[in-house]
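These are my notebook entries on a first reading of the structure. I recorded each item as I looked it up.

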Amino acid sequence: SPNTVTFNTVIDAYAKSKQPEEAEELLKQMMLLSRTDPYREEIIKADTISFNSVLAAWSGSKKRGSAQRCSQLLGHMIKLYNAGNNDVKPDAYSYTAAISAWSAENQDPNALDKCLELLHKMENSCALGDEDLCPNTIAYTSVITALARSGHD
């Protein structure tokens, strides 16, 4: 029977096929299964990998509203983690996917601010000892791209 790895594999396939809606729908089903069937709790449970795959799907999709969707998903991860679900702890990949989505956002005049806000959260968490959130090259490159798009000096 399907387990977390099975679900994550299919979510990742949707992500690589640029099908963020389908990837997110499967994530929702996964979360519903873990909540409604206590006997399956350990077998099917959304984790950081599940969320990161959906974040990657939205970030890479270039669909309208994808940056906002990434921010919402990241916010949901943070909320779940802060409520005690250690399986969905956001990491550098989670934040970088959202930053990349905002750096590609052409319609929102606040895109640069969103990128910088996410980068600063990463840097602050890293400085406080959370090595999982230390910004990587992609995060910085995405912010530089957003700066270039915005026309700021």
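I began with the surroundings of S50, which, leaving aside neighbours within four places in sequence, is in contact (heavy atoms within 4.5 Å) with N8, I11, L27 and M30. The model is predicted, so I note that local features need pLDDT of at least 70, side-chain atom pairs count only at pLDDT 80 or more, and totals for chains, interfaces and linings use all residues. Residues are numbered from 1 along each chain as its sequence is written, and side-chain values use heavy atoms, with hydrogens and water left out.

I placed S50 in helix 3, residues 48-61; helices are DSSP runs of H or I with at least four residues, numbered from the N terminus. S50 counts as buried because its relative accessibility is 0%, the limit being under 20% relative accessible area with a 1.4 Å probe, protein chains only. I also found a polar contact of 2.8 Å between the side chains of S50 and D47; such a contact is a pair of N or O atoms within 3.5 Å, one able to donate a hydrogen and the other to accept it.

I turned next to L133. I located L133 in the loop between helix 6 (111-127) and helix 7 (137-150). L133 counts as buried, because its relative accessibility is 6%. Not counting residues up to four places away in sequence, L133 touches P90, D91, A92, Y95, M122, S125 and C126. I noted that the C-alpha atoms of L133 and K45 are separated by 22 Å, with the two residues 88 apart along the chain.

Note on methods. Helix = DSSP H or I, 4+ residues; strand = E, 2+ residues; numbered from the N terminus. Buried < 20%, exposed > 50% of the residue type's maximum accessible area, 1.4 Å probe, protein only.
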